[in-house]
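Please open the model in your viewer and keep the selection panel at hand.

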Amino acid sequence: MRVGTLFGLLFVVGFAIPAHAGDCPGHPDAIGTSRALVVDPTEHVRLGTMQYRETLPLEDHEVVLTFDDGPLPPYTKRILEVLAAQCVKANYFLIGRMAQAYPEVVREIHAAGHTIGTHSQTHPYTFPRMTLAKAQQEVDQGIASVAAALGDPAEIAPFFRIPGLSRSEVIESYLASRSIMTWSADFPADDWRHISASEVIHRAITRLEAKGKGILLLHDIQPATVVALPGLLRELKRRGFRIVQVVPASATAPKTPTTPEQWVMNGARDAKGDTTSDTKSTAPPVDITTVDSVPPVLPPPRPKEIGVAEPLGPQFILTPPATRAPARPKRGQIALPPIAPSPHDLGPPTAVIDGGLPAPGASKIGHQLDIAPALAPAMPAGAASNASRGDVTGSTKPKTRRVTTANMPKSKIR
Ligand SMILES: [Zn+2]
């Protein structure tokens, strides 16, 4: 089915609107979901102050949780449990290949009422250099893979996040021509950088407080995010933040009335490109002692519990993070902040799941991390031929170098 037809259907079928705020039976302390924001992707085609002038028309202290790169059990499933316990509805950006590997988890995300957008088929970092045909193929295949998992393409929101936030005019124009909304974010939590769960919470809260509201970029494939999420939701509630789910407009769900000014965060300040306002915040610093002292709703999972045979094994073959300058902003766009230009400098350790499908190798989802042979899981059927060529994205695999914990830079192993 052509994408145009696909998204024509979206506006007919419509999306379910979540229950009203505070409805979380049996969980009186849950943060819940305060409202659904219904948006028309044809009116506002690019979102997120990390890269664009416009962002979601949120009220002060409203936050949208976004999860990229999944699904990947057991992490994605654990995240779903935490969100369910808190009656939180989130926005997901799924990878086509991951959806092919774990279609049942895609259906779980959908059944839980979260919004499902897409994040390409193979998570390549080469969108800025891609031809239109190749970019189109990545987008369309990603949508088709997730649609196949769901069994109904109309259940996919016309929301797309470019892998690595590596925008280009080609991909942005293509998405706009298909009435697909390009999502950047307002701030990341750096949860792919192998930082501690406390640090994930600290960075998320500090950056959110600095802006007062916005789209938070998270990854449901990261162990640290799994551990951090209960504490993050508790801290958000303690500070008076409210969770908003974003859904596309449809025949049954008209767009939420907004003014153009509401789509520009903090008016002139952000329009000038002030996207690194962490240090300018007048909000009190996050008290990590407080964060850590709050008993978790769910205890932090033991490594084996979340399917990690060995979270950080003795030997990895790592590709050093690519250091690349952010793309020069075009008129009306804002330069990437110095923090976290790409969420994939280092991928997660590959997980081996007891009794289930092996997790895909990190390189399969675009991560430049291979586990040493002793830790490497068996490849799923069909993956071997790609893996043997060292090419799962259509691009040449970067050279790797062997790094051990002895000679690995400290910043890479914490
Ligand atoms: Zn990603």
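In which loop is the place of S120? The place of S120 is in the loop between β5 (115–118) and α5, where helices (H or I, at least four residues) and strands (E, at least two) are DSSP runs numbered from the N terminus. The model is a predicted one, in which local features need pLDDT of at least 70 and side-chain atom pairs count only at pLDDT 80 or more, while totals for chains, interfaces and linings use all residues. Residues are numbered from 1 along each chain as its sequence is written.

Stay on S120, which is not a glycine and yet has a positive phi of about 85°. S120 is buried, with 29 other C-beta atoms within 10 Å; a residue is buried if 20 or more other C-beta atoms lie within 10 Å of its own, exposed if 12 or fewer, and partly exposed in between, with C-beta atoms placed from the backbone.

Select H61 next, in the loop between β2 (46–47) and β3. H61 is also not a glycine and has a positive phi, of about 70°, but H61 counts as partly exposed because it has 15 C-beta neighbours inside 10 Å.

Move on to the loop between β3 (62–68) and α2, where P71 lies and where P74 has its place. The peptide bond from G70 to P71 is cis, with omega near 0°, and the peptide bond from P73 to P74 is cis as well, with omega near 5°.

Now select helix α5 (residues 132–150) together with helix α6 (residues 169–177), which pack at an angle of about 55° with their axes 10 Å apart. Axes are lines fitted to C-alpha atoms, for helices over the stretch in contact, and angles run from 0 to 180 degrees between N-to-C directions. The contact is made by L132, A135, Q136 and V139 of α5 and V170, I171, Y174 and L175 of α6, two residues being in contact if their C-beta atoms, placed from the backbone, lie within 7 Å.

Finish at V63, which touches L208, K213, G214, L216, L236, F241, I243 and V244, not counting residues up to four places away in sequence. V63 is one of the residues that touch the most other members of the largest nonpolar core, which has 85 residues; such a core is a set of buried Ala, Val, Leu, Ile, Met, Phe, Trp, Tyr and Cys residues joined through C-beta atoms within 7 Å.
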